[in-house]
Amino acid sequence: MKVFIKKSVWVLAIAFTFISIGCAQISKQVEQSDTLAKETHTTAIETIPKPTAKPLLESVTRPYNRKDWPHWIDEDKDCQNTRQELLIATSQVSVKFTNPKHCTVKYGQWYGVYTGKTFAKASDVDIDHVVPLAHAHRHGAQNWTRAQRRAFANDYENLLVVDDSTNQSKSDKAPHEWLPPNKSFWCEYGKRWEHIKEKYRLHYSQLERITLNQLAEACLE
């Protein structure tokens, strides 16, 4: 395992070196135009490899059970649960409901930040936990109370509307295992991931921390 970690760190270190060199070469041109700045940013991001290492799991005595994390809840008792309220808030057009009670969204227009695609049917999108519930459980939340798990599972800061197939491909992976297909969202994704982990004081694995540092360095350009 130590050899594997050292090898992974070595590979990422080399990738970071190339990122730094590339950014230095183009930094003088960034000020010429906003368009060039965007191109430079994209180039730096694209040089970051997407690691495929298996997660380094901490010792967890209590197994993860999704049922222990209550969601989606109707906090304000207006018949619209967390999922429905997020669909309403993020739709680019006025949503349409399944019935006059306005409890369940049927149609709208949602931009999937993970893919850059737009969706019109609510049934085609999922609500993704940026930091997945199972990941949180393995990295410090295994002994949380039910109230703490409920708060985490319904925290809007940790939720994004995404297409269901991409959400399934992500599963409970960390950034060193999975990043969105849409590379232009990598910087924001890294920031959100770190914000939630810090907010809830969750642990980082070594490879996870390395990848986040690589992202942060590239996103400064």
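Analyst: A disulfide is taken to be a pair of cysteine sulfur atoms within 2.5 Å. Counting the bonded cysteines along the chain, the disulfides here follow the pattern 1-2, 3-4, and by this rule there are two disulfides. Please keep in mind that this is a predicted model, in which local features need pLDDT of at least 70 and side-chain atom pairs count only at pLDDT 80 or more, while totals for chains, interfaces and linings use all residues. Residues are numbered from 1 along each chain as its sequence is written, and side-chain values use heavy atoms, with hydrogens and water left out.

User: Which parts of the chain do Cys79 and Cys103 tie together?

Analyst: To name the parts, helices (H or I, at least four residues) and strands (E, at least two) are read as DSSP runs and numbered from the N terminus. The sulfur atoms of Cys79 and Cys103 lie 2.1 Å apart in their disulfide, and the torsion about the S-S bond is about -110°, so this disulfide is left-handed. Because Cys79 sits in the loop between helix H2 (34–46) and helix H3 (82–90), and Cys103 in the loop between strand S1 (96–97) and strand S2 (105–112), the pair ties together parts that are 24 residues apart in sequence.

User: Are Cys79 and Cys103 buried or exposed?

Analyst: A residue is called buried under 20% relative accessible area, exposed over 50%, and partly exposed in between, using a 1.4 Å probe and protein chains only. Cys79, with a relative accessible area of 34%, is partly exposed, whereas Cys103 counts as buried at 18% relative accessibility.

User: What can be said of the link between Cys187 and Cys219?

Analyst: The sulfur atoms of Cys187 and Cys219 are 1.9 Å apart, and with -95° about the S-S bond this link is left-handed. The pair links distant parts of the chain, with Cys187 in helix H7 and Cys219 in helix H8 (residues 206–219), 32 residues apart. Both Cys187 and Cys219 are buried.

User: How many aromatic pairs does the structure hold?

Analyst: Rings of Phe, Tyr and Trp (its six-membered ring) pair if their centres lie within 6.5 Å; planes under 30 degrees apart count as stacked, over 60 as edge-to-face, and the rest as tilted. The structure holds eleven aromatic pairs. One of them joins Tyr64 and Trp69 in a tilted arrangement, 6.5 Å centre to centre with 50° between the planes. Tyr64 is partly exposed at a relative accessible area of 31%, while Trp69, at 1% relative accessibility, counts as buried. Trp178 and Tyr189 form an edge-to-face pair, 5.9 Å centre to centre with 70° between the planes. This pair links distant parts of the chain, since Trp178 is in the loop between H6 and H7 and Tyr189 is in helix H7, eleven residues apart. Trp178 is buried with a relative accessible area of 10%, and Tyr189 counts as buried at 1% relative accessibility. Tyr64 and Trp69 also belong to one aromatic cluster with Trp144, Phe152 and Tyr200.

User: What else lies in the loop between helix H6 and helix H7?

Analyst: His176 is found in that loop, between helix H6 (164–170) and helix H7 (186–199), and is buried with a relative accessible area of 3%. A polar contact is a pair of N or O atoms within 3.5 Å; within protein, one must be able to donate a hydrogen and the other to accept it, and residues adjacent in sequence count only if both atoms are side-chain atoms. The side chain of His176 reaches the backbone nitrogen of Glu208 at 3.4 Å. Pro181 also has its place in the loop between H6 and H7, but Pro181 is exposed, with a relative accessible area of 51%.

User: Which residues line the largest cavity?

Analyst: On a 1 Å grid over the protein atoms alone, a cavity is a set of points where a 1.4 Å probe fits but cannot get out, and lining residues have an atom within 4 Å of a point. The largest cavity is lined by Arg62, Pro63, Asn65, Asp68, Trp69, His137, Ala141, Gln142 and Arg149. Its volume, meaning the space filled by probe spheres set on grid points that are joined across faces, edges and corners, is about 40 Å³.

Note on methods:
On a 1 Å grid over the protein atoms alone, a cavity is a set of points where a 1.4 Å probe fits but cannot get out, and a pocket is an open set with protein on both sides within 12 Å along at least five of seven lines; lining residues have an atom within 4 Å of a point.
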